[in-house]
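Colleague: I would like to learn how to read this model. Please take me through a few features.

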Amino acid sequence: MSKQMAQAKQAYLEHMEGSAAAFAPGRIEFLGNHLDYNGGVVLGAAIDAGIYALANPREDKVIRLFSESFEKAVVETSLNGFSKQEGEKSWANYCLGVLEVMQSKGLAPDSGFSLVLVSDLPVSAGLSSSAALELATALALAGLARKEISRKELVGICRKAENEFVGMPCGILDQASSAFGKKDHLVLIDCETESASSIPMPAESRLWVLDSGIKHDLVDSHYATRNQECQDALRLVREINPGLTCLAKADETMIAQANLPDKVRKRALHVVREQERVCAFQNGLAEQSSLRELGRLLTDSHRSSRELFENSCPELDALVESLVENEKVLGARLTGGGFGGAVLAWTTTDFQQEDADGIVSSYESRFGQVPRTHCFAPSKGATIEDWRKTQG
Ligand code: GLA
C-alpha cells in the first residue's frame, strides 16, 4: 500500500464517528459433554480463530448485515420490526436474536446500523462459530449503543438469543468459553451458577481438531431430544430426591433407585459419569497426575458418548480409535453436540501435521472423505477491539 493510501485509510478510520468493533473466538469443548444444560461443571477453551464484527451507525432505522462467509446472503431489515430469516439467510438469526434480546434489556442502539462480519473460523467444524457470531455481534452493538455489559451478562444475552430466537436449546458452554477464554488456559465453567474461572493448560500438550465434515440431518432435533431425555431423567430422579437441583449433581445410586426407562437411564448415567470425569481431570491436574492418565478421561468420555449418550457416529468413532493408537495422543473424543462434527485430540507436543495426515489418510480410505485438521492454542476471550489501532 502506498504511503498516501495508508494515510487516507488512517484518516478515514479516524473519522468513522461512532463505529464499534469486536472479536469473539471459537471454542473447543475440552471435557464435559452435554453437561451444560444439566447444570454441570465443564471445561472449554477459546481458540486462536474467531469472528470480527465492525458496526457502523446509520441515520435511518435500517439494519444491514453482511458476513464474508455468506456474502451472497446479505440481510436488510428494520430496527423496528424484523423476523426470523429462512434458507441461506438463516446465518443472520444469531445476530438478529442478539439484537432482540439487547432491545428487550435497553442495551441496543436506537438507530439503524451496518454490521460487517469477517471470520477465520471454519464454519460447521464443531468450533461454535454460531456462539462467536452472537458474542461478536453483542459486543459490537453494545459499543455502538455505548453500553457496558459484563461477560456474564454477555453470555446470558447470547444464550437467550440462541434458545429463543434461533430455537436451539443449548446451555452456556459455547458462549462462556468464548467470553471467558484466556491465553494458555482452559475455562472451567460452572453452568449452574453461571460463573467461570481458568486453569493453566499443561504446556507440554496441544489441542488438535479433526473435522469429520459430517453434518447429519436432524442434528438439531437429536440435540433437543437428548435435552428432553435429560429433563425426563431429572424429573424422575427428583421424585425420590426432591432436593436435587440438576441432573449433573445426581449420583449413580440415585439413578439406580429411580427405575428409569432404559434410554433415559443411559443418558443420565452419561451425565453423572461425565461430571465425575471433569472433577477427576481438575483434581488430577492439581495433583500433577500424568497427562496420559488424564488423557484417558477424554477417551472414556468419547466411549460414553458412543455407548450411553448415543451422540457419536461411525466416522467420529473411527477418528477416535485411530487417534488413540498413536502414542503421541493423550486422549481423544468428540467435541460439541455430536452426531457428526469434530473430534478433539489432546496430544503431546511431538504430535505433528504428518501424524494428523496419517490419521486423515486412513479415514479417507475408509470413508472417502478428507477431514480437515487444525491445531489451536487456548486464547483470549471476546473483546471490544480498538480497530483504529489494529489497522495498518
Ligand atoms: C453444543 C451446544 C452446547 C453443549 C454441547 C454439548 O455445542 O451448543 O451448549 O450442550 O453441544 O456439550
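Modeller: Start with burial. Buried means under 20% relative accessible area, exposed over 50%, and partly exposed in between (1.4 Å probe, protein chains only). At 3% relative accessibility, threonine 335 therefore counts as buried.

Modeller: Some ground rules. This is a predicted model, in which local features need pLDDT of at least 70 and side-chain atom pairs count only at pLDDT 80 or more, while totals for chains, interfaces and linings use all residues. Residues are numbered from 1 along each chain as its sequence is written, and side-chain values use heavy atoms, with hydrogens and water left out.

Colleague: In which strand does threonine 335 lie?

Modeller: Helices (H or I, at least four residues) and strands (E, at least two) are DSSP runs, numbered from the N terminus. Threonine 335 belongs to strand β9, residues 329-335.

Colleague: What does the side chain of threonine 335 reach?

Modeller: A polar contact is a pair of N or O atoms within 3.5 Å; within protein, one must be able to donate a hydrogen and the other to accept it, and residues adjacent in sequence count only if both atoms are side-chain atoms. Here the threonine 335 side chain reaches the backbone oxygen of glutamate 29 at 2.9 Å. Contact in general means heavy atoms within 4.5 Å. Beyond neighbours within four places in sequence, threonine 335 touches Ile28, Glu29, Gly126, Ala342, Val343 and Leu344.

Colleague: What is the strand order in the open sheet of four strands?

Modeller: Two strands pair if DSSP finds at least two bridges between them. The order is β9-β10-β8-β11, with antiparallel pairing. β9 and β11 (372-376) are the edge strands, each pairing on one side only. Strand β8 (residues 205-215) pairs with β11 over five bridges. Leucine 210 stands opposite threonine 373 in β11.

Colleague: Which helix lies across β8 and β11?

Modeller: Axes are lines fitted to C-alpha atoms, for helices over the stretch in contact, and angles run from 0 to 180 degrees between N-to-C directions. Helix α11 (residues 353-367) lies across both strands, at about 25° to β8.

Colleague: Why is helix α5 described as largely enclosed?

Modeller: Eight of its eight residues (173-180) are buried, so the rest of the structure largely encloses α5. Its buried residues pack against β1 (20-31), β2 (41-57), α3 (129-144), α4 (151-166), β6 (185-190) and β7 (195-200). Take serine 177, which lies in α5. Serine 177 has 0% relative accessibility, so it counts as buried. Outside four places in sequence, its contacts include Arg27, Gly44, Val187 and Ile189.
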